[in-house]
Amino acid sequence: MTSFSRSPLTWLLLLACLTHLPAQAAKVAGVSLDDTLTVGKQTTTYHGAGVRKKLFIKLYVGSLYLASPTADAASIVAADEAMAIRLDVLSDLLTRKKLVKALDEGFAKSTGGNTQAIQPQIDQMLSFMQDKISPGSRYTLAYEPGVGTHISRNGESLTVIEGLPFKQALFGIWLSDQPAQDSLKAAMLGN
């Protein structure tokens with residue numbers, strides 16, 4: 001029978017095992033992100049997050065939550081399952097006017113320029129983007145199958161927009177072949 005080694009390394013390893021704490025929520029650009037989000041009755045799990053920058057200005061942190069983790073952006077966009085994107089505003093340079101313009105451009109890119117079929121849903125979403133946008137604002141875009149995309153600001157529900165095609169175009173803004181920013185897409189996919 002061998003005796004238990006009591007070297008300093010052994011004690012450090014033992015201490016590390018005994019004091020191991022559950023994983024903390026991710027922190028990106030100073031923004032603490034939740035480990036999970038509930039969408040309807042389903043739990044989605046943090047998948048990845050990154051910073052949307054324009055001319056070296058950090059505009060917002062975009063984070064992705066999935067019920068079924070995958071790094072395949074196309075399957076995420078197409079999927080009819082619970083998922084969410086959160087946008088945590090970092091800069092006061094992100095105004096309502098600039099956000100609406102960016103969303104319009106994003107919808108055009110994610111649909112290959114064919115927004116006509118979902119234009120009423122786009123208009124519905126944009127009509128709820130009336131308030132001043134300020135650092136610390138948090139927008140959650142959470143898709144619930146069979147219900148639609150829940151749009152909320154700072155935990156307050158603004159509207160629910162029906163339809164899988166709208167969700168696909170919305171998530172495509174960040175995850176399509178022409179995303180808002182390639183590095184943000186990669187970070188949201190956990191790369």
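Author: Both faces of β6 are covered. On one side sit M83, I85, L87 and V89, and on the other A84, R86 and D88, and all of these are buried. This is a predicted model. Seven of the seven residues of β6 are buried, so the strand is largely enclosed by the rest of the structure.

Start with the neighbours in the sheet. Strand β5 covers residues 57-66 and pairs with β6 in the antiparallel sense. That pairing runs over seven bridges. Within it, S63 stands opposite R86. Strand β7, residues 138-144, also pairs with β6 in the antiparallel sense, here over six bridges. In this pairing A84 stands opposite A142.

Now take the charged side chains of the strand. R86 counts as buried because its relative accessibility is 10%, and buried means under 20%. D88 counts as buried too, at 6% relative accessibility. What do these two charges meet? Side chains of opposite charge can pair when their charged atoms come close. R86 meets D34 in a salt bridge, at 2.7 Å from N to O. D34 lies in the loop between β2 and β3 and R86 in strand β6, so the pair ties together parts that are 52 residues apart in sequence. D34 itself is partly exposed, with a relative accessible area of 32%.

D88 has its own partner. It forms a salt bridge with R138, with the closest N and O atoms 2.6 Å apart. D88 lies in strand β6 and R138 in strand β7, so this pair ties together parts that are 50 residues apart in sequence.

A further contact joins the two pairs. The side chains of D34 and R138 meet in a salt bridge at 4.0 Å, N to O. This pair links distant parts of the chain, with D34 in the loop between β2 and β3 and R138 in strand β7, 104 residues apart. The count comes to three salt bridges.

Next, follow the chain out of β6. The loop between β6 and α3 holds L93. L93 counts as partly exposed, at 41% relative accessibility. With L55 and I57, L93 makes a nonpolar surface patch of about 300 Å².

A patch of positive charge gathers K54, K97, K98, K101 and K109. The largest share of that patch, four residues, comes from helix α3. K97 has its place in this helix. K97 is exposed, with a relative accessible area of 70%.

A29 lies in the loop between β1 and β2. A29 has a positive phi of about 50°, although it is not a glycine. A29 is partly exposed, with a relative accessible area of 40%. N154 is found in the loop between β8 and β9. Phi of N154 is near 50°, a positive value in a residue other than glycine. N154 is partly exposed as well, with a relative accessible area of 47%.

Back to the strand itself. β6 has buried residues on both faces.

Notes
Residues are numbered from 1 along each chain as its sequence is written. This is a predicted model: local features need pLDDT of at least 70, side-chain atom pairs count only at pLDDT 80 or more; totals for chains, interfaces and linings use all residues. Side-chain values use heavy atoms; hydrogens and water are left out. Patches are made of residues with over 30% relative accessible area and no salt bridge: like charges are joined within 9 Å, nonpolar side chains (Val, Leu, Ile, Met, Phe, Trp, Tyr) within 5 Å. Accessible areas come from the Shrake-Rupley method with a 1.4 Å probe; for residues, only the protein chains shown count as cover. Lys and Arg count as positive and Asp and Glu as negative; His and the chain ends are not counted. The place of a charge is taken as NZ of Lys, CZ of Arg, CG of Asp or CD of Glu. Helices (H or I, at least four residues) and strands (E, at least two) are DSSP runs, numbered from the N terminus. Buried means under 20% relative accessible area, exposed over 50%, partly exposed in between (1.4 Å probe, protein chains only). Two strands pair if DSSP finds at least two bridges between them.
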